[in-house]
Amino acid sequence: MLPPAAAQPRVEVELPLGAAPFDLEAAVCSHGLFMMAPNRWDPASRALLRPLRLATDRSASLLARVSRHPARPSDALLVSVLGADALSPLDQDCILEQVRRMLRLSEEEGRVVAEFQAMHAAARESGFGRIFRSPTLFEDMVKCILLCNCQWSRTLAMATALCDLQLELKCSSGTRNFQLKTPPIREHKRKRSQNQNVRVKLETKFSELESSEDPRLATAEDSRVIPSNDLTLLETNGNLASLPSVASEAGSACDSFDPSELSMSSSASFEDRIGDFPTPEELANLDEDFLAKRCNLGYRAKRIISLARCIVEGKVCPQNLEEMLKMSLPATEELSTIPSTYERLDKELSTISGFGPFTRANVLMCMGFFHMIPADTETIRHLKKCHKRAITIKSVHMELHNIYGKYAPFQFLAYWFELWGFYDKQFGKISEMDPSKYGLFTASYLKKAASIRQEIRHEPFFLL
């Protein structure tokens, strides 16, 4: 068990924010990624807690707590690194760079926020404009895989299981003991009932819009994309782009919500046993069947291990992908540069095994492309409810253009501000939810939200 926070050695590092207004709570609690392990938002102290890697030893990580600076809350963040008496300048810079990436604190991203907020008064007033992401592109890529074809509770459980596994790997002598421990397993074929409800029929229609990338699966392993001028139309399962669908996998018992799956549900277990998100090197040598069984990943294990091996072998370089983005970040007045950069990166990602359109679209959103709106059945529900539009699958992209096109090239930010705000009203303030209730953050609870709103508000707990 970790000693009390006050007794732990720590190094405190300041992170200047610059002149642009910044709201830590708004920046963190802006997307479902902040709910996924090893991230932990403490609603009581308004602080983000998670392990971060060191530059001098990439296999090592330390628990970091990111909060507003107590003396200069509008000018700086305070990053407290626990368990260290001292940090080298290289390690300090590495940790601060990871925090900058998560919170999108670069100068270019600040410009994007300013330009979007200049178009959108309500977003400016609420401090909205930064969409939370992971400290590394690899973690974003894996989490986008975890969002495919399952309910939100399982997505959370898979992310937690990967972090638990990382801790086991760290405590062991290596990956040898984790290989070939289980017999080969097969992903159960998902069967669709002939008596499907309207939502399932709608999801099936999305799937039929493009051919399946893997005909062996009864349902698409990755959501489908239909390009249009300013959006990407996706099949259902909008875990990242929206709340998970009630019936994204009809008849799949393993995806039903079980609170016991969420091992990070209590602050005590989080402090006592927290692993970092595994690196490519930690995953590359694992046995596929073991990983699938250990973390309940199903077919996703093969994709994750393939990605990790490609990175270790130098076939895929996340750093190069991000450098491509930096070389040609579009300005508002240079809209013609957007498609070329986006398409180049999309083409690069398409060479990675298992990276279908849904995964690629969400990875690119994490990288900073906001002119494309990932649209699914939840998008249709939102437009019908909030905009009173008679939406169909064929007309959704045109309606999105009509509603959000005026915010180009930040259509996604305008859409997400509206959708996230809707969830905030339905479930109660998201930043105040107890982390143990994140698994309830699903579309199936929308109708019950009024009655459970008080329940899912946070119950006070102690973190650091």
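Two strands are said to pair if DSSP finds at least two bridges between them, and strands (E, at least two residues) and helices (H or I, at least four) are DSSP runs numbered from the N terminus. The model shown here is predicted: local features need pLDDT of at least 70, side-chain atom pairs count only at pLDDT 80 or more, and totals for chains, interfaces and linings use all residues. Residues are numbered from 1 along each chain as its sequence is written, and side-chain values use heavy atoms, with hydrogens and water left out.

View 1. Welcome to the overview. Of the 464 residues, 58% count as buried, meaning under 20% relative accessible area with a 1.4 Å probe and protein chains only (exposed is over 50%, partly exposed in between). Among contacts (heavy atoms within 4.5 Å) with a separation of 6 or more, 73% are between residues 24 or more positions apart.

**View 2. An open sheet of five strands in the order S1-S5-S4-S3-S2.** The pairing is antiparallel. Strand S1 (10–16) and S2 are the edge strands, each pairing on one side only. From one strand to the next, the twist averages 25 degrees; axes here are lines fitted to C-alpha atoms, for helices over the stretch in contact, and angles run from 0 to 180 degrees between N-to-C directions.

View 3. On the S4 side (residues 61–68), six bridges pair the strands in the antiparallel sense, and Val-66 is the bridge partner of Leu-48.

**View 4. The hairpin of S2 and S3.** Strand S2 (residues 40–42) runs antiparallel to S3, joined by three bridges. Trp-41 stands opposite Leu-48, and Asp-42 stands opposite Ala-47. Four residues lie between the strands, and Arg-46 takes a positive phi near 55 degrees.

**View 5. Asn-39, in the loop between helix H1 (24–28) and S2.** Asn-39 counts as buried, at 2% relative accessibility. Its side chain makes polar contacts (N or O atoms within 3.5 Å, one able to donate a hydrogen and the other to accept it; residues adjacent in sequence count only if both atoms are side-chain atoms). The side chain of Asn-39 reaches the backbone oxygen of Leu-33 at 3.1 Å, and a polar atom of that side chain lies 3.0 Å from the backbone oxygen of Met-36.
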